[in-house]
Amino acid sequence: MALQSVIDDLAKRPGTGEVIPVIDPATEEQITEFRDAGPEAVDEAVARAKAAYQSGVWTDIPARQRAKVLWKLGDLIDEHAKEFAELESLDAGMPPAQAEMIVSTCAEFFRYYAGWCTKINGNSYQVQMEGGVNSTHANFHAYTHKEPYGVVGLIYPWNGPLFNACAKVAPALAASCSSVVKPAEETPLSAVLLEKLIAQAGVPDGVTNFVIGYGATAGAAITAHPDVEKVAFTGSTEVGKQIMRNSADNLKKVTLELGGKSPVLIYDDADLDMAIMMASMGIFVHSGQGCVCGSRVFVQRSVYERVVAGIAMIGDNLVLGGPKDEGAMISPLVSQKQLDRVMGYIDQGRKDGVEIVSGGYRLDRKGYFIKPTVVTGVDPATSRLYREEIFGPVVTILPFDDDDEAVAMANDTSYGLAATAWTTNLARAHNLGKRLQAGMVGLNCQLTFDHNVPFGGYKQSGLGKEFGYEGIDAYLKTKSIWAAL
């Protein structure tokens with residue numbers, strides 16, 4: 001499907017709410033516009049999903065047939081990889097190489113979860129019960145049965161639109177759920193193409209339903225709808241808390257992949273060249289618009305100055321630009337709103353007396369570009385720039401002397417998504433793996449990912465896991481069945 005065709009189809013989507021512009025973040029020019037789907041469209045989508053689920057059009061077909069459909073969808077995404085990369089670059093401002101790399105992982109979600117379709121099993125149990133109200137029966141057989149949640153709401157963000165969509169749609173389909181899917185209103189283009197390919201692959205009508213609109217309208221309607229049994233959301237911790245409130249009336253089950261303020265520990269025995277390079281890319285890639293970005297770096301005092309200088313030098317030399325800028329390595333922020341947010345933190349930091357080692361300003365050009373920013377001299381107890389998730393290319397760097405101090409500073413946060421430790425002392429590394437309070441810990445590695453490895457955070461970084469078996473189990477209910485023999 002041609003790029004313009006997707007843009008035109010988005011503009012023609014029905015909606016009852018206000019007009020939402022889609023802006024190219026690299027040029028600030030409007031790509032297209034569409035109407036907010038609104039609560040009415042959500043009601044219709046939920047009704048379609050519920051009818052499809054109850055009809056058994058997807059749940060009752062053999063698991064191997066569902067697997068074939070998911071595999072075909074993966075192949076279709078591969079066939080349209082070029083278009084998806086162009087859409088992601090245009091919509092989110094990604095450099096083409098970054099968009100192509102991300103898209104290459106998306107088809108694999110459907111192939112990976114196609115394999116799980118035929119491996120959803122309960123367990124049988126040897127009952128040890130004695131006496132009680134069933135004492136007249138000597139023998140029992142007990143087993144569990146896995147069943148899909150009926151209608152699920154899938155809500156995903158703007159910082160990796162297609163990736164986050166596939167990470168939710170694939171396991172939901174494999175588990176036989178019907179779904180209502182809402183992309184971020186800032187980056188809806190790839191959703192239009194994905195929706196068409198889902199139908200082309202053979203997923204029956206009504207099983208997967210896309211609604212495109214604001215979080216406060218369409219998103220809120222999904223999370224509050226009484227016929228939506230589960231919500232899976234990726235986004236900010238603030239919105240995640242609101243989703244839990246909206247879900248309270250019918251006790252919806254929720255999976256939340258939320259914010260982070262991830263620590264990176266660099267020891268004096270680390271491979272410093274590698275640690276400096278990865279710590280830099282771990283916060284500056286995609287202009288820091290990633291939940292796992294390492295925005296707090298802690299460095300052993302003896303190598304502190306070297307690491308600060310190294311990260312600042314890399315930040316100074318990274319080429320910022322949009323999809324059409326030759327040699328661009330780092331993308332713009334997604335919107336004027338996000339740019340204002342990030343600059344607000346930087347300006348507040350200046351008022352608080354932090355040292356801006358490098359960056360700290362908007363580029364003098366069209367597009368929402370902020371120069372990669374390295375900050376020292378923060379007060380960990382009071383600095384908002386240090387304590388709150390910025391979601392921009394801003395890193396704070398502080399020194400430490402020993403393991404206990406490093407771990408205490410790293411864990412002193414309400415977040416717990418990811419953490420990294422750079423050291424060649426393997427005993428220390430594995431001890432840090434246990435002590436760091438995060439759902440994912442990298443030892444001498446950063447920004448790692450695999451479809452088979454669970455992904456999710458501790459504390460206010462979320463609830464539940466995505467990817468791997470845990471990713472499909474999140475869309476399944478467990479029923480215990482007893483039989484008297």
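Predicted model: local features only at pLDDT ≥ 70, side-chain atom pairs only at ≥ 80, totals over all residues.
Local features need pLDDT of at least 70 and side-chain atom pairs count only at pLDDT 80 or more, while totals for chains, interfaces and linings use all residues. Residues are numbered from 1 along each chain as its sequence is written, and side-chain values use heavy atoms, with hydrogens and water left out.

The chain is assigned two domains. Domain 1 covers 3–258 + 461–484, and domain 2 covers 263–443. These bounds come from an automatic or database domain assignment. Taken over C-alpha atoms, the centres of domain 1 and domain 2 lie 31 Å apart. Domain 1 gives 22 residues to the contact and domain 2 gives 27 residues (contact means heavy atoms within 4.5 Å).

About 1,900 Å² is buried between domain 1 and domain 2. Carbon and sulfur atoms give 57% of this area. Buried area is the accessible area (1.4 Å probe) that two parts lose on being put together, summed over both. On the side of domain 1, the most area is lost by Glu28, Trp158 and Ser461. Together they account for 29% of what that side buries.

One salt bridge is counted between domain 1 and domain 2. The term denotes a side-chain nitrogen of Lys or Arg within 4 Å of a carboxyl oxygen of Asp or Glu. Arginine 362 and glutamate 28 form a salt bridge, with their closest N and O atoms 2.9 Å apart. Nine residue pairs are in polar contact between domain 1 and domain 2, both residues at pLDDT 80 or more. A polar contact is a pair of N or O atoms within 3.5 Å; within protein, one must be able to donate a hydrogen and the other to accept it, and residues adjacent in sequence count only if both atoms are side-chain atoms.

Two elements, α4 (81–92) and α5 (96–116), each give two or more residues to the side of domain 1 that touches domain 2. Helices (H or I, at least four residues) and strands (E, at least two) are DSSP runs, numbered from the N terminus. The largest share of that side, three residues, comes from α4. By class, the side holds ten nonpolar, eight polar and four charged residues. Ala, Val, Leu, Ile, Met, Phe, Trp, Tyr, Cys and Pro count as nonpolar, Asp, Glu, Lys and Arg as charged, and the others, Gly among them, as polar.

An open sheet of six strands runs in the order β7-β6-β5-β8-β9-β19, with mixed pairing. Two strands pair if DSSP finds at least two bridges between them. The edges are β7 (208–210) and β19 (462–463), each pairing on one side only. Strands β8 (residues 230–234) and β9 (residues 253–257) run parallel and share five bridges. Valine 231 has valine 254 in β9 as its bridge partner.

A second open sheet has three strands in the order β3-β4-β20, with antiparallel pairing. Both β3 (124–125) and β20 (476–484) have a single partner strand, so one side of each lacks a neighbour in the sheet. Nine bridges connect β4 (residues 140–148) to β20.

Strands β1 (residues 19–23) and β2 (residues 30–35) run antiparallel and are joined by five bridges. Proline 21 has glutamate 33 in β2 as its bridge partner. The two strands form a hairpin with six residues between them. Glutamate 28, in the turn, has a positive phi of about 65°.

The whole structure contains 22 salt bridges. One of them joins arginine 13 to glutamate 195 at 2.7 Å, N to O. Arginine 13 lies in the loop between α1 (3–12) and β1, and glutamate 195 in helix α7 (residues 189–201). The pair links distant parts of the chain, 182 residues apart.
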